[in-house]
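Thanks, everyone. Let me put the chain up, and then we'll go from overall contacts to the cores and the surface.

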Amino acid sequence: MTEVQWTHVELDVSADPLKEVKSSICAVCGDMSLRAINRPLYPNQSGDSPIITLLVCPTNHCSGVYWYGEWVSLKQCLFNRLTQDGVEFVNCFQDRLRLFILSQAIYMMNERNPAIDPAYAPYPESQRAALLWRDESAIGFYTYNPRCTSTTSNLLDVWQINTLDTIYVCKGLRRMGCATTLLVHFVDLFPGERVALCNPVSRAMTRVCQHLLEVERCIGLKGRLFYCDPPGFDDQLCSAYLLLQLERIKRKRMLSEDDNLNTKSSKMRVQE
């Protein structure tokens, strides 16, 4: 593991761990009964992972994090005045922390509906990822697996195609083209090569792919954008463009059947 400057203060259970917090009210639900919990930054590292201390309420919403020796809000954690708007790769320890905050604190604890939304596990230190920056704050990310990289601890099991694993944008900033920006950045990493989105692909992500495939500058993408199951062998790939066309045919057929039913119903009423 790369040497990093990580400040972590073990909480004294006999004292009040919130005495340094300026506001002891949950930023999500308004609950005042907050507590501190520890979470490993990376999964499956035999206790060697840096520990992140989060400030949570009884319903497990996260309001803050112990960041280099002090309690700060999640918004402060995601701020970096040295960044410009756009997509930048995760290449330092601070960005690994921001990736954790976005995926585990904001999405998993504050935004996710367990009944319908998929779960994100903490990402390993080796995970390839990029952050989306806007107004000096990280507002989203994507993670990906280049071709020939390992899919599991078994080094013989490798990805056969460049695969996008996850795209996430903060809830209040969706439907603004952010996911499209992230997808275009991923696709542009591999000019002329086949790329894939790992199944299952959400409805929202399907709409993003549809928009991208219809953009004139991305017309060459129609033959190289796929959906796939790991590790992405040819028989595990399905053309995103082909699925889009099949969905359109199905939709037109359903509309045609509805029109026929309405026509028959109208004729029956006239005869009566």
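Start with contacts, meaning heavy atoms within 4.5 Å. Among contacts in the chain with a separation of 6 or more, 59% join residues 24 or more positions apart.

A word on the source. This is a predicted model, where local features need pLDDT of at least 70, side-chain atom pairs count only at pLDDT 80 or more, and totals for chains, interfaces and linings use all residues. Numbering runs from 1 along each chain as its sequence is written, and side-chain values use heavy atoms, leaving out hydrogens and water.

Next, burial. Of 272 residues, 39% count as buried, that is, under 20% relative accessible area with a 1.4 Å probe, protein chains only; exposed is over 50%, and partly exposed lies in between.

Now the cores. A nonpolar core is a set of buried Ala, Val, Leu, Ile, Met, Phe, Trp, Tyr and Cys residues joined through side-chain atoms within 4.5 Å. The largest has 33 residues. Leu-54, Val-65, Ile-101, Leu-102, Phe-141 and Tyr-168 touch the most other members. Take Val-65: leaving aside residues up to four places away in sequence, its contacts include Leu-54, Trp-71, Cys-77 and Ile-101. A second, separate core has 30 residues, among them Val-87, Ile-139, Leu-164 and Leu-182.
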